[in-house]
Amino acid sequence: MVFPFDSIIRSILLGSLYSLMALGLTMTYKTGRFPNFAHGELITIGAYTSAIFSRYVDFTYASLIAALVSALTGGLMYILVCGPLLKRVGKILFLMVATFSLGLVLRSLIALLADIYGVMNIKPLFVNRIIISINGIVINTLFIWSLLASWALVVSLHLFLIKTKLGKKMRAAANNPTLASIMGINTDRMATLSWIFAGMLAGVAGSFWGALSNVTPYVGWLALLTFFAASVIGGLTSFFGTIAGGYIIGFAENLLMDFLNISLGIDTAFKPLMPFMIIVVVLLLRPSGLAGISFQKALSMIRGMKRW
Amino acid sequence: MVDIVGLISSTVIIFSLYSLLSLSLNLEYGYTGLPNFGKVAFQAVGAFVCGAFTAYAISFIVGSTASIFSPESVQIRIEFSKMNILPTVTIFIVSLIAACIISGLFGYAVSKPALKLREDYLALILLIFGEILRLIVRNYYPLVGGTHGLAAIPNPFSWSGEFVLPLYSVITIIVTLLVFIFLQRLLNSPYGRLLKAIRDNELASQVLGKESVRIKGQVLTLASSIAGLSGGLYAFYSSYVVADDFIPQKTFDAWLIVILGGAANNKGVLTGALVITILDRSIQYLSGLVRFPFEVNYLRYIIMGLIMIIILYYKPSGMIKEKPVKTPAVQVLKHE
Amino acid sequence: MSEILRVEHLKKQFGGIVAVDDVSFSIQERKIIGLIGPNGSGKSTLFNIIAGIYPPDSGEVYFKGERITSLPPHEIFKRGIVKSFQIPSLFYTMTVFENFMIPPREQIGEKLINAPFQFRWAAQEMKFANDAINLLKFLKLNNLSSDSATNLSGGQMKLCEIGRGVMGSPSLMLLDEPAAGVAPYLAKEIFGMILNLRDDKGITFFIIEHRLEIFLEYVDYIYVMNLGKIVFEGPPKEVIESPLVKEIYLGGGK
């Protein structure tokens with residue numbers, strides 16, 4: 001049996017992108033305790049921005065612009081819709097419906113514009129060169145870039161939240177808004193920042209996602225319920241859980257699916273079912289997912305085991 | 001020359017379908033507080049059941065061995081429904097009943113595990129359930145032809161030629177009225193009060209003796225039945241069902257109608273359904289007159305999405321507010 | 001006077017905290033029994049266990065001789081126990097009258113099969129409606145019957161919470177701080193109502209109160225809890241003069 005290198009590589013690639021997308025979702029959930037069903041649109045906007053700008057500037061810069069545009073959109077989502085609604089009615093259910101509606105509006109608007117300008121299905125200008133090709137292991141630039149970009153973002157975000165004053169304020173506002181505001185933290189501003197960061201992550205992810213598959217008005221929405229599973233694995237609140245979830249989903253969709261296809265003959269058309277089933281299983285058995293497991297403790301345990 | 005009769009008939013039918021789906025959601029969400037984000041799935045079950053049952057039944061009666069998706073079978077169905085009025089109507093009625101029962105069973109089955117979850121998780125899992133159903137049916141050819149769908153589902157009035165739509169619209173509006181009357185009688189009673197109590201404070205209702213979990217399961221089952229009915233009626237109207245038609249946007253339609261019209265108020269829901277039907281039909285009509293440089297459906301959803309956000313912010317109680325349950329006890333109050 | 005409630009060696013732990021630590025006692029019917037103790041002494045947990053909201057880790061609860069340990073809340077209600085909540089848990093989208101119409105037992109119209117057919121439940125509904133109106137008059141809330149439950153004042157909400165419980169025809173009512181946060185004169189009114197309800201309907205009351213002075217003249221017997229255990233019991237006079245009780249309250253319970 002051929003060792004499934006391409007499947008593994010694909011799993012890692014998708015895992016890195018899924019964890020980026022899901023991380024933004026987790027961030028906004030932590031802030032308002034409601035899932036943002038319009039998060040997919042931040043990705044779509046990132047994908048389109050990068051695809052369009054990649055025709056004028058280098059793909060790297062196009063991705064940065066995408067990050068900026070999505071970040072801005074994320075902030076606006078909160079400032080114009082979610083924030084005011086949260087303060088006015090506060091019911092989580094209403095916010096869920098509102099974000100779904102917002103996503104619907106954005107998705108339809110993007111489709112409308114894409115239809116007019118004939119860009120319903122485009123690809124960014126990205127030259128995907130093969131860097132390494134040994135024994136069936138094929139690694140190309142997209143893989144390297146996605147992995148590097150996602151980890152760079154994750155690590156810098158993590159350091160920002162843990163080490164900087166602003167980051168600590170953001171965490172405080174997310175963990176306990178009442179206490180934070182008593183301590184003088186402007187929770188509204190912190191929430192807006194969370195949404196801006198979430199948008200930034202989505203923008204980068206969207207840019208690479210567009211390079212991977214095509215860019216259509218629905219890319220983000222189609223991916224939403226998939227990377228949602230990653231967030232759910234993280235209990236919707238845990239950073240590390242979400243990242244782990246992203247890779248779990250990446251592997252489930254690719255390596256595991258290929259395995260099931262070969263061994264049990266399950267049609268690959270059922271690929272999207274994997275993340276859906278994972279969501280159902282996690283929610284029914286352990287809704288808190290991997291949240292609550294202290295990754296710091298796990299890390300130190302692993303370090304401790306190395307001594308043996 | 002505009003086909004006035006056709007326009008009115010299709011408007012009535014669409015209003016009926018919207019109403020049925022939304023009344024079913026109102027029962028779940030408006031009265032009992034169950035956030036069903038997967039409403040479309042239960043409608044889909046009804047549509048699939050009616051479509052598949054009708055197609056397989058006719059093939060069986062005629063003795064055909066061809067696949068129900070083949071052009072041959074399509075021809076058979078068209079001919080059959082034109083010539084054999086009574087069997088077609090009987091199949092229509094039987095399949096609708098089957099649709100109600102089977103979608104009700106789905107509702108019951110889903111309620112068992114799902115109702116244990118708290119609100120936002122419940123909404124999410126129902127949404128996912130809808131997508132799982134769509135995916136499985138999409139890839140399971142024998143039911144409704146996967147991505148190709150099942151065509152030529154014979155309307156019980158096919159024999160009437162040009163009177164199909166008007167006659168069918170009478171049926172749909174009667175069914176809608178009957179369901180509305182039934183729900184009004186059901187909910188203006190201690191049962192309606194009970195649902196609201198569970199919605200307002202489930203723990204308090206349990207402490208006051210109510211078996212809230214069992215009741216919620218009942219509600220989901222009944223509401224799913226009604227949704228299945230709407231799905232079945234839709235199948236015969238459009239004469240074509242395909243899995244990919246039943247997407248979360250349809251659930252959104254129902255939510256918009258319920259919130260716009262007024263949750264826990266069936267009259268409000270009908271009003272909301274009327275508004276949305278008019279909006280829908282207007283855009284369709286407009287697209288026939290004016291040449292838009294884009295697909296009109298996009299505009300439709302932009303408008304509907306914005307309406308939803310605006311209502312949620314300014315008037316979440318909807319156009320017509322919720323009123324106390326109307327039982328004979330109200331008379332006692334009046335005399336005090 | 002026979003025993004109505006008996007609790008034996010109840011234990012309940014949450015994480016590392018033992019909320020209820022080997023509690024046993026017995027309550028006679030038609031009495032008004034008090035349960036006092038500082039915050040965190042386990043009083044509400046004890047009530048929740050009796051009401052079936054969560055099961056004890058160990059121990060038994062007997063009601064009128066029947067073992068009711070770990071039964072779910074609606075089964076507890078059916079046997080005749082109603083618990084009221086510290087923070088009024090009224091049905092806030094409904095009127096006061098509707099709130100009172102929820103608890104009556106075995107409502108024919110609450111069954112799905114019967115509900116659409118008004119003739120089946122109309123007569124019973126009228127009877128309950130009259131009971132509700134009479135109770136509302138008794139509690140002096142009748143002019144608020146058609147008001148939304150959100151329009152009540154704090155004290156009225158408390159009365160409504162109690163009255164609603166009474167509509168469930170209980171033999172035993174567990175009241176969790178029925179007069180908390182309410183002005184003293186109103187508290188006296190509430191306790192006066194409780195006495196009337198005991199005399200009129202024969203209900204036994206088991207009441208948690210945080211402030212001793214409020215209900216001294218109303219209760220027959222008091223249990224004192226601290227850190228999950230019952231540390232003292234007796235008639236009001238003995239309790240108020242007990243140095244141990246004084247220490248618990250003045251010393252902050254530690």
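**Close-up views of the predicted three-chain model**

View 1. A:Met27 is buried, at a relative accessible area of 5% (buried is under 20% relative accessible area, exposed over 50% and partly exposed in between, with a 1.4 Å probe and protein chains only). The model is predicted, so local features need pLDDT of at least 70 and side-chain atom pairs count only at pLDDT 80 or more, while totals for chains, interfaces and linings use all residues. Residues are numbered from 1 along each chain as its sequence is written, chains are lettered from A and ligands numbered from 1 in the order in which they are written, and side-chain values use heavy atoms, with hydrogens and water left out. Helix α1 of chain A, residues 5-32, holds A:Met27 (helices are DSSP runs of H or I with at least four residues, strands are runs of E with at least two, and both are numbered from the N terminus). Beyond its neighbours within four places in sequence, A:Met27 is in contact with A:Leu157, A:Met170, A:Ser194, A:Phe197, A:Ala198, A:Leu201 and A:Phe239 (contact means heavy atoms within 4.5 Å).

**View 2. The interface of chain B and chain A.** Chain B brings 39 residues to this contact and chain A brings 46 residues. The two chains bury about 3,800 Å² between them, 81% of it on carbon and sulfur atoms (buried area is the accessible area, with a 1.4 Å probe, that two parts lose on being put together, summed over both). Between chain B and chain A there are 0 salt bridges (a salt bridge is a side-chain nitrogen of Lys or Arg within 4 Å of a carboxyl oxygen of Asp or Glu). There are 4 residue pairs in polar contact, both residues at pLDDT 80 or more (a polar contact is a pair of N or O atoms within 3.5 Å; within protein, one must be able to donate a hydrogen and the other to accept it, and residues adjacent in sequence count only if both atoms are side-chain atoms). On the side of chain B that touches chain A, the elements giving two or more residues are α5 (119-139), α11 (248-261) and α13 (296-314) of chain B. The largest share, 13 residues, is from α5(B). This side has 31 nonpolar, 3 polar and 5 charged residues (Ala, Val, Leu, Ile, Met, Phe, Trp, Tyr, Cys and Pro count as nonpolar, Asp, Glu, Lys and Arg as charged, and the others, Gly among them, as polar).

**View 3. The largest nonpolar core, around B:Phe37.** This core has 185 residues, and those with the most contacts inside it are A:Met21, A:Phe37, A:Phe227, A:Phe228, B:Phe37, B:Leu233 and B:Trp255 (a nonpolar core is a set of buried Ala, Val, Leu, Ile, Met, Phe, Trp, Tyr and Cys residues joined through side-chain atoms within 4.5 Å). The most is given to this core by α5(B), with 13 residues. Leaving aside neighbours within four places in sequence, B:Phe37 is in contact with A:Phe37, A:Leu93, A:Met96 and A:Val97, and with B:Ala123, B:Leu126, B:Leu127, B:Thr251 and B:Trp255. A second, separate core of 61 residues includes C:Phe85, C:Val96, C:Leu141 and C:Val166.

**View 4. B:Asp253 in helix α11 of chain B.** B:Asp253 lies in α11 of chain B and is buried, with a relative accessible area of 5%. Apart from neighbours within four places in sequence, B:Asp253 is in contact with B:Tyr18, B:Arg300, B:Tyr301 and B:Met304.

**View 5. The interface of chain C and chain B.** Here 41 residues of chain C are in contact with 35 residues of chain B. About 3,300 Å² is buried between the two chains, 69% of it on carbon and sulfur atoms. There are 3 salt bridges between chain C and chain B. B:Arg193 pairs with C:Glu125 in a salt bridge, the closest N and O atoms being 3.0 Å apart. To the side of chain C that touches chain B, α4(C) gives the most, with 9 residues. By class, that side has 22 nonpolar, 11 polar and 8 charged residues. A network of salt bridges links B:Glu211, B:Arg214, C:Glu66, C:Glu75, C:Lys78 and C:Arg79.

**View 6. Salt bridges within chain B and chain C.** B:Glu322 and B:Arg199 form a salt bridge at 2.9 Å, N to O. B:Glu322 is in the loop between α13 and α14 (329-334) of chain B and B:Arg199 in helix α8 (residues 190-200), 123 residues apart. C:Asp131 and C:Lys127 meet in a salt bridge at 2.9 Å, N to O, and both lie in helix α4 of chain C, 4 residues apart.
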